[in-house]
Every structure is written in C-alpha cells, then in structure tokens.
Amino acid sequence: MERGRSPMLGALGLEPDEEFVYRALLARPSATAMLLADLLERPEAEVERVLSRLVEWGLAIRSGGEAFAAAPPAMALGALITERRDGLRIAEQALISLAEEHRAAVAGRSISELIEVVSGVDAIRHRFQQVQQAARHEIRNFVTSPYIAVPPGSNAQEDAAAARGVRFRVVLERSVLAEPGIVDEIVDSLQRGVQLRVADQLPMKLILADGDLALVPVTAPLASPPGSEPGAVLLHRSGLLAALEALFETVWQRAYPLELSGFGSGGLPYVELDADEPTELDRRILSLLLSGLTDQAVATQLDLSLRTLQRRLRHLMDLAGVETRMQLGWHAARHEWA
C-alpha cells in the first residue's frame, strides 16, 4: 500500500496502510474488503486485516454484512488526538525559544514597558475588562475552572466588544461544562456569534486582544498559598506574546467545536419517548455527551433525572438502529443530530 506517512495521521499512531484504506473508505458510504482490494489493487486478505485494525481504532464500523463504513473524522480522530499532545509540547518548546529571543530583543528597553504584574481579584478583573476594550479585531480566550475574577454572566465587556464587530474565539476546558448554568451561558454566547470549542485540558487561563495584549495568571489558583491574593501578568506586544498566540492556535485546531444547533434556542419542553426524530432536548443531550460530559453531569445541566437521560439515550439508539453509544455518536454526526 501507499508508503508515504501523513504528518497528521502518522503522529496519531496510524500506519500508512491504515491511513490509505481509511481515506479510501471515507470517499464512499460503505464498501466491502473485496471492493477496496480491487480499487487499491491490493490482496483482499491484507485489506481485511487493515479494516479490522481500523475497527479497533474506532475509525470504521461494520455497516451490515461484509460492508464497512468510515467513522466521521471529527469524532474518530478527535478521540485519538486527545491522547496525544505533541502539538502542545512543540508550542511549549517554542515558548522557551521565543522567550530567549524576547530577552535579547528587548535589551536596552524597560521591562515595565512590556510586562505589568497585576495583584488582587479587583485589579485582575479591571485589567481583564481593559484588554477586551482594547481589542479592535479579535479576542482569543482560554477558560478554565475555578473562576476567580470573572465568573460566568459577569463579563459585560463581551457584549460591548461584539457590538464593535470584534470576533471572539474561546476554548473551554472540559471541566467548565460541569459548572452550574453553563449551558445557558454557552447558548447565549453562540447566539451572539462567539465561536466556542472544548479541550480536555488547558495549560492556563488566557485572554489575547489581537496581537497586542495578553493577560495570563502568574500561578494556578489551586497552587497559591492559603490567604494569598491571585496574581497575573499583562503582556504587551513581544516575542513572549507571539508564543502565547501560537499556543492558542495549536489548542484551537485540536479542540472540539460547539454549535448552536446542538443546544437549541429556547426552553426544553417535555417530550414523549415515541417521538420519531430527535427533539431539542435530545440534541442538547448529544451535544453535551459528545463534548465529553458524564451522564450525571449532563443530567444535572439539563435538570433531568439520570434515569430519564438514560431512557432518552436508549430511545435515540433505537431510533438510529444502533447498539452502542459509539455507533450513536457516529450516526448523530452523520445525520446532523448534534
């Protein structure tokens, strides 16, 4: 089979032959090993072995009889990406290198012109608002829990910046999705045009205004000594800020996107289990589960009992004609249920 290794899929641990067959399978709704063997001009037994490995990876499923279908890349490859953080490690290495370049570049300039230390919740909140006020084109943000200076629903400058035409791209750490009331906050942000994605873990809290300003914590909140005030640094345009921009873009590319269609725009009416298509409630359930929340966390967010949630999932699996949650996720993505 093809011997070139893709930089992306090779980094995920796939062998070239596995990628080659997966790409061929993506180009059609389903295919048998015999058909793929003819198309790829390879022995059927070899293709069969590769297909079996793709099923183990979660990149393919048996779609009936001897046929196979490719799992959607956004879901299947996303599960593999979360296991590998090479991109983040490269960004961290770039951060060290650029910091050295920065120190050399600013020789003769006052450090106070580039870095300002901010102490205390009120001061951090004030600087956070100022960073947003300074943005002309784009604000990029890492959001992690616990909240210290700006809890959900208290960021008045977001509305003002959006009204000026400022673009927002925000990555939420997965643990944030378990915060009370966060679903309503997500829906409100998506309706205002904020682009949201979810990552398993984030290296820090961060807000970037264009390429000019960045506000980052000095230490993680949980690592601060008891009774001490939180601290942050405000960075102006520099090599260090450029490294943080690169870090954000790396994380953004690997994060899972949240879409308004998966959350709906109104209340969650009571629905019977015999509905012949996914309801708004079902779409919210699927979106939250695909974002990585546990059953209990989803039930809490949507004010459902765990038993009701599991009954809805069983109904959706019956509606999709599948037996496992992985198959349900694949079906949901393919039919735009979430």
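**Labels and their cut-offs**

Mentor: F142 counts as buried, because its relative accessibility is 2% and buried means under 20% relative accessible area, exposed over 50% and partly exposed in between, with a 1.4 Å probe and protein chains only. The model is a predicted one, in which local features need pLDDT of at least 70, side-chain atom pairs count only at pLDDT 80 or more, and totals for chains, interfaces and linings use all residues. Residues are numbered from 1 along each chain as its sequence is written, and side-chain values use heavy atoms, with hydrogens and water left out.

Trainee: What makes F142 and F248 a stacked pair?

Mentor: Rings of Phe, Tyr and Trp (its six-membered ring) pair if their centres lie within 6.5 Å; planes under 30 degrees apart count as stacked, over 60 as edge-to-face and the rest as tilted. For F142 and F248 the values are 5.2 Å centre to centre and 25° between the planes, so the pair is stacked. F142 belongs to strand β5 (residues 138-143) and F248 to helix α10 (residues 239-254), 106 residues apart, and the pair thus links distant parts of the chain. Helices (H or I, at least four residues) and strands (E, at least two) are DSSP runs, numbered from the N terminus.

Trainee: Why is F248 called buried?

Mentor: F248 has a relative accessible area of 0%, so the residue is buried.

Trainee: What makes R169 lie over the face of W252?

Mentor: A charge sits over a ring if NZ of Lys or CZ of Arg is within 6 Å of the ring centre and within 35 degrees of the ring normal. R169 is at 5.1 Å from the ring centre of W252 and lies over its face.

Trainee: Why are the buried residues of α3 said to line one face of the helix?

Mentor: In α3 (residues 33-40), the buried residues are A33, L36, A37 and L40. Seen down the axis, they fall within an arc of 105° (taken from the directions from the helix axis to the C-beta atoms), so they line one face. The face turned away from that side carries the exposed residues M34 and D38.
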